[in-house]
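Subject: Handover of a structure

Dear colleague,

Please find below the structure that I am handing over to you. My findings follow it, and I would ask you to read them with the structure open.

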Amino acid sequence: MSAPSMTLFHNPASPYVRKVMVLLHETGQLDRVTLQHSQLTPVSPDATLNQDNPLGKIPALRLADGNVLYDSRVILDYLDQQHVGNPLIPREGSARWRRLTLAALADGIMDASVMIRYELALRAPEKHWDQWLDAQREKIRRALAVLEADAIAELTSHFDVAAISVACALGYLDFRHPDLEWRKTHPQLSAWFTEVSLRPSMLATQPPV
Ligand code: BEZ
């Protein structure tokens, strides 16, 4: 086995990082990456990370030549072009745009979920903006409804960028927002998620307890 040639700024709580880790597992590339733990919030940045990613966001991937890739979508695309197995992001055609759109829908669930997390965990209760929180929850609700109604067959068909992204978004909802009880109203999505959660890549990347 050769020494890892890339460094991934990593935090096991981040659903965006989890997408990258799941893809590394699924494509057999784990040993190419060293993990660099990054402890950060929007108001307590990681100074080392900021030198590589001026946006101060994880994941960021430093390549062997010193170039740094971000954000998670770019990293997924890059890593998917570095292995010899079946692509997890279709290279062309309508499948490419459909699967990337489903992945973007999942990223939107993550975005809203992480925003809610920051607002609730980092700001004093008397400063919480309830109308804004409700609007974020509505985004999640609408996105889950579309996945439940329109995307189950596509998610089931193969575990690619779309399925990985949705699985990581649902995992983050369970981790940070169990109060939303998304499973109660999305039985098909719930059954699908229960099944894919047993994949070694998902088991190995579960958020911390
Ligand atoms: C979290 O603790 O929920 C979190 C950590 C890093 C990035 C996003 C979310």
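I begin with the sheet. Four strands make up an open sheet, in which they stand in the order β2-β1-β3-β4, and their pairing is mixed. The edges are taken by β2 and β4 (68–69); each has a single partner strand, so one side of each is left without a neighbour in the sheet. Please bear in mind throughout that this is a predicted model.

The two kinds of pairing can be followed strand by strand. Strand β1 (residues 6–10) runs parallel to strand β2 (residues 33–37), and five bridges join the two. Strand β3 (residues 60–62), by contrast, pairs with β4 in the antiparallel sense, over two bridges. In that pair, R62 has V68 of β4 as its bridge partner.

Next, the chain as a whole. It contains 10 helices and four strands. Read from the N terminus, its elements follow the pattern β-α-β-α-β-β-α-α-α-α-α-α-α-α. The radius of gyration is 17 Å, close to the 17 Å that the globule rule gives for 209 residues, so the chain is as compact as a globular protein of that length. Along the principal axes, the C-alpha atoms fill a box of roughly 50 × 40 × 30 Å.

A database record also covers part of this chain. In an unreviewed entry, UniProt lists residues 4–87 as "domain: GST N-terminal". In the model, that span is 32% helix and 18% strand, and its end C-alpha atoms are 22 Å apart.

There is also a ligand. Which residues surround the ligand? They are A13, S14, R117, Y118, Y172 and R176. Two of these residues can be described in more detail. Y172 has a polar side-chain atom 2.5 Å from an oxygen atom of the ligand. For R176, a polar side-chain atom lies 2.7 Å from an oxygen atom of the ligand. The ligand exposes 260 Å² when taken alone, and the protein buries 89% of that area.

- The peptide bond from I58 to P59 is cis, with omega near 0 degrees. P59 is found in the loop between α2 (47–52) and β3.
- A cis peptide bond also links Y70 to D71, with omega near 5 degrees. D71 belongs to the loop that lies between β4 and α3 (72–80).
- E181 has a phi near 50 degrees, which is a positive value in a residue other than glycine. Its place is in the loop between α7 (161–176) and α8 (182–185).

Yours sincerely,
A colleague

Notes:
Residues numbered from 1 in each chain as written. Predicted model: local features only at pLDDT ≥ 70, side-chain atom pairs only at ≥ 80, totals over all residues. Heavy atoms only, no water. UniProt positions renumbered as here; feature names shortened; annotations may be inferred. Pairing = 2+ DSSP bridges. Near = heavy atom within 4 Å. Polar contact = N/O pair within 3.5 Å; in protein donor to acceptor, adjacent residues only side chain to side chain. Areas by Shrake-Rupley, 256 points an atom, 1.4 Å probe, with all protein chains shown as cover. Rg over C-alpha atoms; globule rule 2.2 N^0.38 Å.
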